[in-house]
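Try each one before reading its solution.

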Amino acid sequence: MATCYTETPSNMADITQYIISDKSSCVREIIMAEKCFFYDTCAFRKHANLKHPESLLEFLKRKNGIVVITRTIIMELASVSQSLNIEYVDYIKKMHQAGLKILVIYEEDIFDVLGQCFNSNAQINKYLDVAIKVAKSAVGTISSVYKSDIQLRNDIMSDNNTDSTLFTRFFNIVRNSKESGDNLGEEMIAICIHMLSNIPESYNYKYIVMTEDKGAIKLINKIWKNICDYSLKNTVTAVTTVVLGQKIYQENLITTKAQVEEIVSAGITGGRVTIVASEEYDLEPQEKTMVCGEVANKIMVPNAIRIYY
């Protein structure tokens with residue numbers, strides 16, 4: 001049975017007071033932010049179930065970061081009941097109470113962000129074309145839309161399309177085509193951060209994707225390499241919860257093994273976690289599976305382990 005998706009959950013009003021969704025405000029916040037932490041669905045679900053998320057939220061705040069949740073991620077979070085689970089609402093409330101700004105944005109609003117920095121619609125539309133080419137998978141919802149909607153594909157691939165509604169057309173059609181089990185949320189985030197990386201910035205790694213999905217990390221790495229090849233800028237990266245746990249410990253926001261292990265083991269079944277990391281004498285990063293307590297111990301020993309994801 002097909003899953004039904006909605007861009008506006010039935011209980012959206014429960015989070016309205018905690019989020020920023022006005023387009024002009026979202027545009028301003030993205031441009032002014034030092035860090036934009038984009039949530040994907042799996043990371044949001046994991047963090048929403050943390051018993052003590054305070055150290056994570058303080059870490060994001062210390063980075064002068066804002067939290068960005070795209071409409072496709074909202075659709076995925078509300079996919080089961082057409083509403084946001086109570087723990088999701090509570091987590092958004094906790095982020096707000098911690099002093100974080102939470103943006104809930106339509107992906108097409110990135111056009112307006114770019115419009116603050118570039119005068120040419122044709123140039124902005126070309127940024128969309130390039131981002132789609134890099135981010136879309138060989139199979140998936142975006143590829144299906146490309147195959148079925150020839151006019152849309154031709155409009156996007158045009159070298160001189162000045163249509164200011166192209167972003168809205170594309171993202172609306174893709175969201176309406178979403179299917180259960182696809183990786184649309186991750187691809188949409190990748191497209192957005194690839195386009196945003198065209199903006200001249202004074203901050204490295206401004207756009208950070210929080211994810212647990214190894215495929216998403218490989219996609220963000222692909223995005224990063226493409227951006228570096230053409231602009232020599234380090235603008236995007238991705239972090240898993242285990243990586244965040246190590247960084248939070250290194251900044252002394254948590255100090256005990258129990259606190260580290262709580263973050264490392266969040267959402268884990270079976271007590272073991274698979275990471276890509278390098279230990280003291282490793283010549284290169286390796287995939288390793290360890291019990292969560294062992295990972296916590298290694299995190300607490302200086303230079304014992306570097307966790308990549």
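**Exercise 1.** Is E29 buried or exposed?

*Solution.* Start with the ground rules: this is a predicted model, where local features need pLDDT of at least 70, side-chain atom pairs count only at pLDDT 80 or more, and totals for chains, interfaces and linings use all residues. Residues are numbered from 1 along each chain as its sequence is written, and side-chain values use heavy atoms, with hydrogens and water left out. Next, take the cut-offs: buried is under 20% relative accessible area, exposed is over 50%, and partly exposed is in between (1.4 Å probe, protein chains only). E29 has a relative accessible area of 14%, so it's buried.

**Exercise 2.** Which residues is E29 in contact with, leaving aside neighbours within four places in sequence?

*Solution.* Contact means heavy atoms within 4.5 Å. With that cut-off, E29 touches I20, I66, K101 and L103.

**Exercise 3.** Work out the surroundings of Y207.

*Solution.* First, burial: Y207 has 0% relative accessibility, so it counts as buried. Then look for partners: skipping neighbours within four places in sequence, its contacts include C36, F38, I193 and T235. Finally, check K35: it is 172 residues from Y207 in sequence, yet their C-alpha atoms are 6.1 Å apart.

**Exercise 4.** What share of the chain's residues is buried, and how far do its contacts reach along the sequence?

*Solution.* Of the 309 residues, 52% are buried. Now take contacts between residues at least 6 apart in sequence: 76% of them join residues at least 24 apart.
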